[in-house]
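Morning, everyone. Let me put the model on the screen, then we'll walk through the sheet and its helices.

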Amino acid sequence: MMKKLILLPAMLMAFTMATAQNIEQKSVQVGTVTAPGYSVTIQKKTDLVQDAMNKRLKDAGLKTKKSEGFVAVLDQLFAEIATDPVNFYTKVEKESKNSATVTVCVIPTDLTADRETMQANVRRFVEGFVQYVTRFEAQNNMEAEQDNLKKAEKSEAKAVAAVDKLDKNIQKNKEKIADKKKDIEKYNQKIKEAQEDIKKLEAEIAKDQQKKGDAQKDVEKAKDNVRSVQGEVEKYRQIAE
């Protein structure tokens with residue numbers, strides 16, 4: 001990345017010098033007036049070049065309007081071109097998918113204006129505009145990448161927040177699991193105690209059943225005694241009668 005940034009000014013200068021050699025002086029028809037001007041083909045998309053031209057004129061504090069098929073600056077002081085108000089015309093035309101031709105000319109409002117100086121300034125404007133387009137594109141690309149960076153950082157922050165939330169949920173669930181395990185241990189202890197109580201009760205039942213058997217035998221013996229005594233009683237009653 002740093003290497004690209006270092007090479008950019010050199011590439012920009014080489015591109016500008018090469019393009020400057022392709023600047024063509026020509027006669028430009030503006031309505032019924034033919035004016036001397038310049039044109040150059042820039043290897044950029046037409047919309048980009050037009051946006052750059054609009055920004056370039058706006059940055060110079062100029063107001064533009066469409067006139068005679070041109071984007072024009074009418075009867076305004078354009079200090080880079082002349083010391084008096086001028087009519088400054090620009091046109092950006094599509095040359096191919098990735099190239100556009102820029103045509104620029106100036107018509108003075110003052111017939112005594114120094115036309116030679118104005119034409120030299122117009123050429124200088126065109127040469128500078130070629131470099132401006134490259135900077136304009138780089139600025140646009142940088143702003144687009146900055147927007148992408150903000151979106152990426154926002155997505156990263158959102159993803160980090162989601163991970164943090166999941167971590168908290170995981171920790172919370174782990175704590176719940178630990179609590180449930182403690183509950184299970186308590187229940188297991190209660191089950192163990194209940195099982196021991198059951199064993200004790202079963203042992204007591206077994207003892208009581210044994211005692212019950214012995215008591216049942218005593219009952220049978222008592223019944224036998226009762227019957228024996230009743231027999232004796234009956235026998236003595238018969239004698240007594």
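First, the term we need: helices (H or I, at least four residues) and strands (E, at least two) are DSSP runs, numbered from the N terminus. This is a predicted model, where local features need pLDDT of at least 70, side-chain atom pairs count only at pLDDT 80 or more, and totals for chains, interfaces and linings use all residues. Residues are numbered from 1 along each chain as its sequence is written, and side-chain values use heavy atoms, with hydrogens and water left out.

Start with the sheet. Six strands form an open sheet, antiparallel, in the order β1-β2-β6-β5-β4-β3. Pairing takes at least two DSSP bridges between two strands. At the edges stand β1 (24-30) and β3 (65-67); each has a single partner strand, so one side of each lacks a neighbour in the sheet. From one strand to the next, the twist averages 35 degrees. Axes here are lines fitted to C-alpha atoms, for helices over the stretch in contact, and angles run from 0 to 180 degrees between N-to-C directions.

Now one pair. β2 (residues 33-42) and β6 (residues 99-108) run antiparallel, joined by six bridges. In β6, V102 stands opposite V40.

Next, the helices. Contact means heavy atoms within 4.5 Å. α2 (residues 46-59) lies across β2, β4 (70-76), β5 (86-96) and β6, at about 165 degrees to β5. α3 lies across β2, β5 and β6, at about 25 degrees to β2.

Last, one residue. Q119 sits in α3 (residues 115-240). Is Q119 buried or exposed? Buried, at 12% relative accessible area. The cut-offs: buried is under 20%, exposed over 50%, partly exposed in between, with a 1.4 Å probe and protein chains only. Beyond its neighbours within four places in sequence, Q119 contacts P36, G37, Y38 and V106.
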